[in-house]
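Have the model open while you read.

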Amino acid sequence: MATIEIGTARARPSARVDGMLKVADLPDGQPMQIPVTIVQGPADGPVLWLHGCVHGNEFCGAYIIQTFLRDLDPAALRGTVVALPFLNLTASQRNQRMSPFEGYNVGDMNRCFPGKEDGGLTDQMGHAVWTHLKRHATHLVDFHTALTPDTHWSLVAGHEGKVRTEGLAMARAFGYSPCLPTPPGTLNGSAMMAAGAAGIPSLIIEAGGIGSAFSPETVKEGAERLRNVARRIGLLGEKVVDHGKLTLVSNFAWCKAAHGGLFKPAVRCGQPIKKGGLVGTFFNTHGEKVADERAPATGVVLAINPGPLLPQGDILIHIGLEPRLETRAGE
Ligand SMILES: [Zn+2]
């Protein structure tokens, strides 16, 4: 069995090891380190790579990963789980999306993969993580959130062949529907698309909302769904739970606010919406109605912005286009 060593965490058969991975230098010159856990079974098998908090204030996934790890018996594994629940830890410490130490670069870690050795701070952090991910991972699950607790959908790297079919099998095992098989050229710089291009089946889970806007049920159920992904890829010899067919969407569109003010949404995550349908209403700060906002496309609502006060141009809802139930696997 090839030894997996990530930072100070060195895998051992039938054991869980915790360690730290240095991803960059802090402004005081001390190492910026992020936590790593490796759980390895007694025999070789797939390497399931899990990470969360690519966007620092998207904590739900870190809770799901930690809950999943707590219930994992190393002796029962046929392969390895590598977990980095806080990829953008300095952003998480401030409860914000991007690292407070990012300079003049954009710093969206979901646009920084596979990273750049000579890039900005987040590019270099991405590079430090990617080096290990590319070397070891056979499957990737990357956890994100939207803004509200009722967010539950997924994306897979849509590269043709095994990446797409295995990715969809992972999405089916997790069982959040709808799902976007993401066309190459979309979401460039996400860990998911970088991994897909490198031949690694990859799944993004959008579970819950930012900060503390998620429920204990989403965490508990998310950990069980993640365990089902581990079963599906052969890491665990337990029976795979059938969550049914996915609703596939072809791409996504945003509804951007034509006004600013106090926003009252009229839709929920997961509901169908028609082009021209009511998305919500803006009121001014005197309480007078300013305008209704209408959907720019027909589809399914993937995520909503709950307000309350929003500037003109903010994204109000995220729409999955051309939703359709799978006929056969992945079609
Ligand atoms: Zn995110």
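Twelve residues of domain 1 are in contact with 15 residues of domain 2, where contact means that C-beta atoms, placed from the backbone, lie within 7 Å. On the domain 1 side that touches domain 2, you'll find six nonpolar, three polar and three charged residues. Here Ala, Val, Leu, Ile, Met, Phe, Trp, Tyr, Cys and Pro count as nonpolar, Asp, Glu, Lys and Arg as charged, and the others, Gly among them, as polar. The domain assignment puts domain 1 at 5-245 and domain 2 at 249-325; such bounds come from an automatic or database assignment. Their C-alpha centres lie 29 Å apart.

Keep in mind that this is a predicted model, with local features needing pLDDT of at least 70, side-chain atom pairs counting only at pLDDT 80 or more, and totals for chains, interfaces and linings using all residues. Residues are numbered from 1 along each chain as its sequence is written.

Now for strand β8 (residues 152-157). Six of its six residues are buried, so the strand is largely enclosed by the rest of the structure. Buried means 20 or more other C-beta atoms within 10 Å of the residue's own, with C-beta atoms placed from the backbone. His152, Ser154 and Val156 cover one side, and Trp153, Leu155 and Ala157 the other.

Strands pair if DSSP finds at least two bridges between them.

| Partner strand | Sense | Bridges | Facing residues |
|---|---|---|---|
| β10 (residues 202-209) | antiparallel | five bridges | Trp153 and Glu206 |

Methods. Contact = placed C-beta atoms within 7 Å. Buried ≥ 20, exposed ≤ 12 C-beta atoms within 10 Å, placed from the backbone. Helix = DSSP H or I, 4+ residues; strand = E, 2+ residues; numbered from the N terminus.
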